[in-house]
Amino acid sequence: MSLEAIQKVADSETAAQKRKQDAAEAAKKLVNDAERSGQDLVAQARAKAEAHAKEQMTQAEANAAKKEASVMADTEKACDALRQAAQGRLPAAAELIVRRVVNV
């Protein structure tokens, strides 16, 4: 083989190795970019889910406050009804107590 042919083979091997290194670096960069992109998408999805959960919690708290107000109003009405019923029976109860104390 001539010296020139050996030099061409060596140059070809060097060029092939350089292309192989370039391809490996490009693949590595592509993987890194894909991982970074995936992490960004996960972060966005997480932020969206947290915002949705916060919104749902706010709505649940508002609904609970409305329900609490309704229950409190119903309870107040029931207490007023019991109070009126008790006041209506108060004279009879007082009379019964007086009869028992006097007759004892």
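Visitor: How many residues apart are Asp22 and Lys18, and in which helix do they lie?
Guide: Both belong to helix H1, where they are four residues apart, about one turn of the helix. Helices (H or I, at least four residues) and strands (E, at least two) are DSSP runs numbered from the N terminus. The model is predicted: local features need pLDDT of at least 70, side-chain atom pairs count only at pLDDT 80 or more, and totals for chains, interfaces and linings use all residues. Residues are numbered from 1 along each chain as its sequence is written, and side-chain values use heavy atoms, with hydrogens and water left out.

Visitor: What do Asp22 and Lys18 form?
Guide: They form a salt bridge, with 3.1 Å between the closest N and O atoms. The criterion is a side-chain nitrogen of Lys or Arg within 4 Å of a carboxyl oxygen of Asp or Glu.

Visitor: Is Asp22 buried, partly exposed or exposed?
Guide: Asp22 is partly exposed, at 34% relative accessible area, and Lys18 is also partly exposed, at 46%. Buried means under 20%, exposed over 50%, and partly exposed in between (1.4 Å probe, protein chains only).

Visitor: How many salt bridges are there in the whole structure?
Guide: The search finds five. Among them is the one between Lys29 and Asp33, at 2.9 Å from N to O. Lys29 and Asp33 are four residues apart in H1, about one helical turn. Lys29 is exposed, at 53% relative accessibility, whereas Asp33 is partly exposed, at 30%.

Visitor: Which residues are linked in a network?
Guide: Salt bridges link Lys29, Asp33 and Arg36 in a network. Elsewhere in H1, Glu95 and Arg99 are four residues apart, and their side chains meet in a salt bridge at 3.8 Å, N to O.

Visitor: Changing topic, how many helices and strands does the protein chain have?
Guide: The protein chain has one helix and zero strands. Its radius of gyration is 44 Å, well over the 13 Å that the globule rule gives for 104 residues, so the chain is more spread out than a compact globule. That radius is taken over C-alpha atoms, and the rule is 2.2 Å times the number of residues to the power 0.38.

Visitor: How far does H1 reach?
Guide: H1 has 101 residues and reaches 141 Å from its first C-alpha to its last, close to the 150 Å expected at 1.5 Å a residue. The expected span is 1.5 Å times one less than the number of residues.

Visitor: Where in H1 is the kink?
Guide: The kink, of about 40 degrees, is at Leu90, shortly before the proline Pro91. The bend is the angle between axes fitted to the seven residues ending at a residue and the seven starting there.

Visitor: Which residues form the nonpolar patch on the surface?
Guide: Ile97, Val98, Val101 and Val102 form the patch, with about 400 Å² of accessible area together. Patches take residues with over 30% relative accessible area and no salt bridge, joining like charges within 9 Å and nonpolar side chains (Val, Leu, Ile, Met, Phe, Trp, Tyr) within 5 Å. Areas come from the Shrake-Rupley method with a 1.4 Å probe; for residues, only the protein chains shown count as cover. Val101 is exposed, at 61% relative accessible area, while Val98 is partly exposed, at 48%.
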